[in-house]
Amino acid sequence: MSEFYKRALEIQEELVKYRRHIYSRPEVGMDLPNTTRFVQETLREHGLEAVEIAPSALSVLIEGPKEGKTILLRADMDALQMEDRCGLDFASTIPGKMHACGHDIHTVMAMGAAILLNERKNELEGSVKIMFQPGEEIFQGAKLMIKAGILENPSVDAALDMHVDASSTLGNLSYPAGPFTTSGDNFTIKLRGKGAHGSEPNNARDPISAATKIYSALMTLRANEVSPKDYFVLSICSLNAGNSHNIIPDEAVLKGTMRTYNAEVRDYMLQRIPEIVTEISQLYKVESVFELEMSTPSIVNDAAMVKRVETYLDDFGVDFISDPYARISASDDFAYISTQIPSVMLFIGAKPEGVEHNYLHNSAVVFDEDVIPLGAAIFAHCAYNYLSEGE
Ligand SMILES: [Zn+2]
Ligand SMILES: [Zn+2]
């Protein structure tokens with residue numbers, strides 16, 4: 001068994017304590033002052049300095065005695081705006097906020113990796129950088145940290161990220177080469193016409209007519225303009241206009257989301273959807289605005305890095321179950337790093353045995369805490385071996 005895993009199991013109790021502390025005090029979005037302070041203070045007790053390179057964005061650098069490459073380990077720390085119904089005795093104490101995506105566990109796995117690697121710092125042939133980011137759920141945190149220089153000084157050669165999977169049990173570990181998560185683009189279409197009495201539609205420029213035509217046109221894109229071989233989802237999830245029987249409204253607003261694994265399809269659609277909106281709006285004499293509100297590319301696992309990680313994990317001492325065809329239909333802003341640095345995202349099973357219907361972003365989701373030492377050790381083991389390989 002990996003020495004890192006043995007050591008991680010020795011400090012498991014401590015790591016679980018950290019996790020429960022974070023779980024019970026969730027913070028959302030870009031402002032995570034308490035979580036950030038907790039990570040900083042706890043790591044300081046272990047002789048590690050977590051530098052706040054941007055608000056609620058921490059960077060830890062562990063440098064070995066020898067020059068070498070730098071590998072980045074990434075954790076996200078933000079929770080979700082939802083009520084905690086998990087029923088655990090360390091449940092969220094903050095109404096309307098919950099760690100339903102496991103980012104509390106990611107944070108502690110990365111803290112664990114920092115502690116484990118720091119203990120063997122003198123053996124490192126290069127550097128390990130660990131980032132703790134805010135705002136993953138709104139796709140802003142990774143961008144913020146890249147802007148703040150997380151990939152520089154020293155410049156990063158490779159990156160690893162881990163996400164818990166609420167639907168598979170401990171020992172499942174998937175990290176297929178190629179596109180792994182979808183790109184995610186949430187958009188709003190605002191249509192501004194001219195309201196009038198319902199009995200006199202000739203005096204109006206009706207935004208509802210334009211909205212429904214735009215809706216129909218967008219719904220045919222999958223069938224008419226995307227290859228059957230490509231995964232592409234476009235959903236309009238909200239359409240609001242007017243609130244009366246006899247007043248044609250001034251405005252209609254549509255909100256939707258688009259997901260795909262194919263960057264070319266994404267680029268095409270990000271140009272094509274606004275084009276359709278503009279054309280139809282002109283036809284119906286209404287003004288239109290297309291806004292992208294949350295946007296991230298797809299995470300693409302680098303094939304050479306995937307091979308390396310596979311080799312490292314052969315010596316880990318656990319028989320992992322890996323699905324080479326696994327893909328995740330959700331999106332994650334680690335994508336901003338994976339588009340710049342050879343990266344791997346690993347999906348790690350964390351469903352407790354015997355629990356059914358366990359899903360991320362569900363208010364009753366629970367996790368097997370044994371994933372914490374395992375994830376921390378996988379992070380440390382892979383980082384250590386990557387640096388030992390040299391060129
Ligand atoms: Zn999430
Ligand atoms: Zn997540």
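**Entry 1: β3 and its neighbours**

I started with strand β3 and found that it pairs in the parallel sense with strand β5 (residues 158-169), over four bridges. The model I am reading is a predicted one.

I then looked for another partner of β3. Strand β4 (residues 126-133) runs parallel to β3 and is joined to it by eight bridges. Here I noted I71 opposite V128 of β4.

How does the chain get from β3 to β4? I traced it through helix α4 (residues 103-119), and this β-α-β crossover is right-handed.

**Entry 2: the four-stranded sheet**

Next I looked up an open sheet of four strands, and wrote down its order as β10-β12-β8-β13, with antiparallel pairing. Which strands stand at the edges? They are β10 (232-241) and β13 (287-296); each has a single partner strand, so one side of each is left without a neighbour in the sheet. From one strand to the next I read an average twist of 15 degrees.

I followed one pair in more detail. β13 and strand β8 (residues 183-192) are paired over nine bridges in the antiparallel sense. Within this pair, N186 is opposite M294 of β13.

I then asked what packs on the sheet. Helix α8 (residues 263-283) does, and it touches β8, β10, β12 (251-260) and β13. The direction of α8 makes about 160 degrees with that of β13.

**Entry 3: α2 against α11**

Last, I turned to a helix pair. Two packed helices are described by the angle between their axes and the distance between the axes. For helix α2 (residues 12-24) and helix α11 (residues 371-388), I noted that the axes come within 9 Å and cross at roughly 105 degrees. That makes α2 roughly perpendicular to α11, because angles of 65 to 115 degrees are counted that way.

Which residues meet in this contact? From α2 I listed Q12, L15, V16 and R19; from α11, I372, P373 and A376. Sorted by class, the contact of α2 with α11 holds five nonpolar residues, one polar and one charged.

How values were computed. Residues numbered from 1 in each chain as written. Chains lettered and ligands numbered in written order. Predicted model: local features only at pLDDT ≥ 70, side-chain atom pairs only at ≥ 80, totals over all residues. Pairing = 2+ DSSP bridges. Helix = DSSP H or I, 4+ residues; strand = E, 2+ residues; numbered from the N terminus. Axes fitted to C-alpha atoms, helices over the stretch in contact; angles between N-to-C directions. Contact = placed C-beta atoms within 7 Å. Parallel < 35°, antiparallel > 145°, perpendicular 65-115°, else oblique. Nonpolar A, V, L, I, M, F, W, Y, C, P; charged D, E, K, R; others polar. Right-handed = clockwise from strand over helix to strand, strands pointing away.
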